[in-house]
Amino acid sequence: MRALVTGGAGFIGSHLVEALLARGWRVRVLDNLATGRKANLKRVERRAELRIGDVRSERATLTAARGCAVVFHLAAMGSVPRSVAEPQYAHDVNATGTLNVLNAAREAGVGRVVLASTSAIYGDVAALPKREDLKPQPLSPYAVSKLAGEHYAKVYADLYGVDTVCLRYFNVYGPRQDPLSEYAAVVPRFFSAAIGGRRAVIYGDGGQTRDFTFVLDCVEGTIRAGTVGTLLRGVVLNIAGGRRTDLNRLHAIIRGLCGSRHEARHAPPRAGDIRHSLASIARAGRILGFRPHYGLADGLRETYPWYAARNGA
Ligand SMILES: NC(=O)c1ccc[n+]([C@@H]2O[C@H](COP(=O)([O-])OP(=O)(O)OC[C@H]3O[C@@H](n4cnc5c(N)ncnc54)[C@H](O)[C@@H]3O)[C@@H](O)[C@H]2O)c1
């Protein structure tokens, strides 16, 4: 069986490609290398078929989807702050790109499309844990563009019989998550500061919480969503670690792993950021049999060597 992984040269996508190959899939990647890197696929470069192309192109998505049983659609502009700065770009890649992928899947007769969605869709709703039936409250163009993709996925399942499933990932971390981009996520920023002998910046008081998800747990949930035998019909599922941790605690664990003596520096909160995040993963447990295996300390321990090697520590 062949799978298409859009965004397969990215952080999560490259782990997904490796895991699919290890399970005997043939894998094609469609990626324009906007934030992904060929180096992320180095371990599988002879086995994965890499097509450099853009999900904003109808032709590129259609030719990539042909002959695939499952499409894992991870290609995206994935940064909240960048979407605040460039909303049109976020819309073009995330909303229009997803529409192109769904059209391509429909035309190519793909069996299932798995969409990478996001916990950002919940916005700042007070209810915790966040269950999939809460009313979405997107606070950023990024969240709006991802929510549009979810709605398209449901409508394509209902109207055109393309079986789809949307996975709301919660703060995924692990090896290969880019620490250098000006939009880097919190785990890479903390690792790179601690290893580089600098003070990390925490926006706000550090009391904000996140549900951190180790990348291999995220990949396991994603493959289950692509392969489970029942029709999924556009269902939305949280994929997360299922526990929350505040940023001060996260920073303390990472400092401990890296042996850093530098305290964090606090800066003003960022526009579009939410205060608390914790997933209910009961629905993914029921429908996919998904259970995370990595606690935060375990996942960070698995992650540390990659940052240490990059920084020559
Ligand atoms: N990392 C997280 O914590 C997290 C949380 C929620 C959702 N997600 C979603 O998971 C997916 C993967 O995220 P990631 O963290 O691996 O980010 P990433 O930036 O490493 O991966 C995105 C990939 O998509 C590619 N891409 C971007 N624009 C493209 C385009 N127009 N055409 C083709 N390829 C394009 C990039 O080059 C990159 O390889 C994204 O859809 C993201 O929104 C990630």
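Me: Start with Ala309: buried or exposed, and how many other C-beta atoms lie within 10 Å?

Reply: The general idea is a neighbour count. A residue is buried if 20 or more other C-beta atoms lie within 10 Å of its own, exposed if 12 or fewer, and partly exposed in between, with C-beta atoms placed from the backbone. Ala309 has 11 other C-beta atoms within 10 Å, so Ala309 is exposed. Ala309 lies in helix 10. Ala309 and Ala85 are 224 residues apart in sequence and 32 Å apart in space, C-alpha to C-alpha.

Me: What should I know about the model and the numbering?

Reply: This is a predicted model, where local features need pLDDT of at least 70, side-chain atom pairs count only at pLDDT 80 or more, and totals for chains, interfaces and linings use all residues. Residues are numbered from 1 along each chain as its sequence is written.

Me: How many helices and strands are in the protein chain?

Reply: Definition first. Helices (H or I, at least four residues) and strands (E, at least two) are DSSP runs, numbered from the N terminus. The protein chain has 10 helices and 13 strands.

Me: How does the radius of gyration of the protein chain fit a compact globule?

Reply: The radius of gyration is taken over C-alpha atoms, and the globule rule is 2.2 Å times the number of residues to the power 0.38. For 313 residues, a compact globule would come near 20 Å; the protein chain has 18 Å, which agrees. Along the principal axes, its C-alpha atoms fill a box of roughly 55 × 45 × 35 Å. Of the 313 residues, 50% count as buried.

Me: What share of the contacts joins residues 24 or more positions apart?

Reply: A contact means two residues whose C-beta atoms, placed from the backbone, lie within 7 Å. Take the contacts in the protein chain with a separation of 6 or more: residues 24 or more positions apart account for 78% of them. For a case, look at Ala267, in strand 13 (residues 265-267). Leaving aside neighbours within four places in sequence, Ala267 is in contact with Val201 and Tyr203. Ala267 and Val201 are 66 residues apart along the chain, yet their C-alpha atoms are separated by 6.6 Å. Ala267 is exposed, because it has 10 other C-beta atoms within 10 Å.

Me: Now the ligand. Which residues come nearest?

Reply: A residue is near a molecule or strand if its C-beta atom, placed from the backbone, lies within 6 Å of it. There are 29 residues around the ligand, and Gly7, Gly10, Phe11, Gly36 and Ala76 come nearest. Helix 1 (11-22), strand 2 (26-31), helix 4 (87-108) and strand 5 (112-118) each supply at least two residues of the shell. Helix 1 gives the most, with 3 residues.

Me: How do the residues of the shell divide by type?

Reply: Ala, Val, Leu, Ile, Met, Phe, Trp, Tyr, Cys and Pro count as nonpolar, Asp, Glu, Lys and Arg as charged, and the others, Gly among them, as polar. The shell holds 16 nonpolar, 10 polar and 3 charged residues.

Me: Which residues of helix 8 are buried, and why do they sit on the same side?

Reply: An α-helix has 3.6 residues a turn, so residues three or four places apart point the same way. In helix 8, the buried residues are Leu247, Leu250, His251, Ile254, Leu257 and Cys258. They cover an arc of only 125° around the axis, so they lie on the same side of helix 8. The arc is that of the directions from the helix axis to the C-beta atoms. These buried residues pack against helix 6 (186-195), strand 8 (201-203), strand 12 (245-246) and helix 10 (296-310).

Me: What span is expected for helix 8, and what does it reach?

Reply: The expected span is 1.5 Å times one less than the number of residues. Helix 8 (residues 247-258) has 12 residues and reaches 16 Å from first C-alpha to last, close to the 16 Å expected. Just after helix 8, Gly259 takes a positive phi of about 65°.
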